[in-house]
Amino acid sequence: MEPVRQLENEHLGYSDTPVLEDSGYHVHDGTRPQPPVVTPGEGTAAPSDAKVIFNGSDMSGWVSANDPSKPAEWKVENGIMEVVPGTGDIQTADGFGSMQLHLEFVSPEVIKGEGQGRGNSGVFLMTLYEIQVLDNYNNPTYPDGTVGGIYGQYPPRANAIRQPGAWNTYDILWEAPEFNGEKLVKPAFVTVLLNNILLHHHKELQGPTRHKELTQYKAHAPRLPLKLQDHGDLVRFRNLWVREL
Ligand code: MG
């Protein structure tokens, strides 16, 4: 039998327990700040404290990545944005640092091309660090360029893509790198789930993702936009939201 412990009425906690070294609070300390109440969304809808970064009706909040003074020219229909090939990458007008990101994407039902040429896009955290978007359904490519790969650095632990035409969910936990002047003091880390399947668990990035090159960190601002890639394929996105950490 567990001994009956007396809770202190005032704050429903304990003050006669050992002190946790890192926080200075007692174990079960009732004076510790309560976690904020967040109302989860239904299914994959944004929770109450999320910032919805695509309104579903137009491209406001998004700009051209080539020239951020110009609007994003992707197509919007039925709550979905679609790459308009040739209009270029797009990015959020706002910058973000460490965050939880949710988005959904779908590859064209009409299969065109192979390898990197099929349903290619990309989620560029801070405009620099790409988590690959690719239609890898029965379509192999180099492993570190597979959907969910940290492009050019780490293949995903699994190929978790759904068939073309079926929506996929990305849930990405991003820890921004930290710099002191020009010096890297903490690298970036990422955790990635595709369709609820873990692809990377707190993986340390080597630097910005690159094509056919090694990489290294270069100091940048603590908050930078989220970028989506126009790789010439008709990839569509919906339900994009962010919870800043
Ligand atoms: Mg890509």
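Predicted model: local features only at pLDDT ≥ 70, side-chain atom pairs only at ≥ 80, totals over all residues.
**View 1. Protein donors of the magnesium ion.** At 2.2 to 2.4 Å from the ion lie N120 (OD1), S121 (O), E130 (OE), Q132 (OE1) and Q229 (OE1). Donors are N, O and S atoms within 2.8 Å of the metal (3.2 Å for Na, K and Ca); water is not among the atoms, so sites may look incomplete. The donor residues follow the spacing N-S-x8-E-x1-Q-x96-Q. Because Q132 belongs to strand β8 (residues 129-133) and Q229 to the loop between β14 (227-228) and β15 (236-244), the pair ties together parts that are 97 residues apart in sequence. Strands (E, at least two residues) are DSSP runs, numbered from the N terminus.

**View 2. The largest nonpolar core.** This core has 44 residues, and W62 and Y170 have the most contacts inside it. A nonpolar core is a set of buried Ala, Val, Leu, Ile, Met, Phe, Trp, Tyr and Cys residues joined through side-chain atoms within 4.5 Å. Strand β6 gives the largest share, 4 residues.

**View 3. Surroundings of W62.** Residues touched by W62 include I53, F54, P71, M81, L226 and L240, not counting residues up to four places away in sequence (contact means heavy atoms within 4.5 Å).

**Notes.** Residues are numbered from 1 along each chain as its sequence is written, and side-chain values use heavy atoms, leaving out hydrogens and water. Local features need pLDDT of at least 70 and side-chain atom pairs count only at pLDDT 80 or more, whereas totals for chains, interfaces and linings use all residues.

Technical notes:
Buried < 20%, exposed > 50% of the residue type's maximum accessible area, 1.4 Å probe, protein only.
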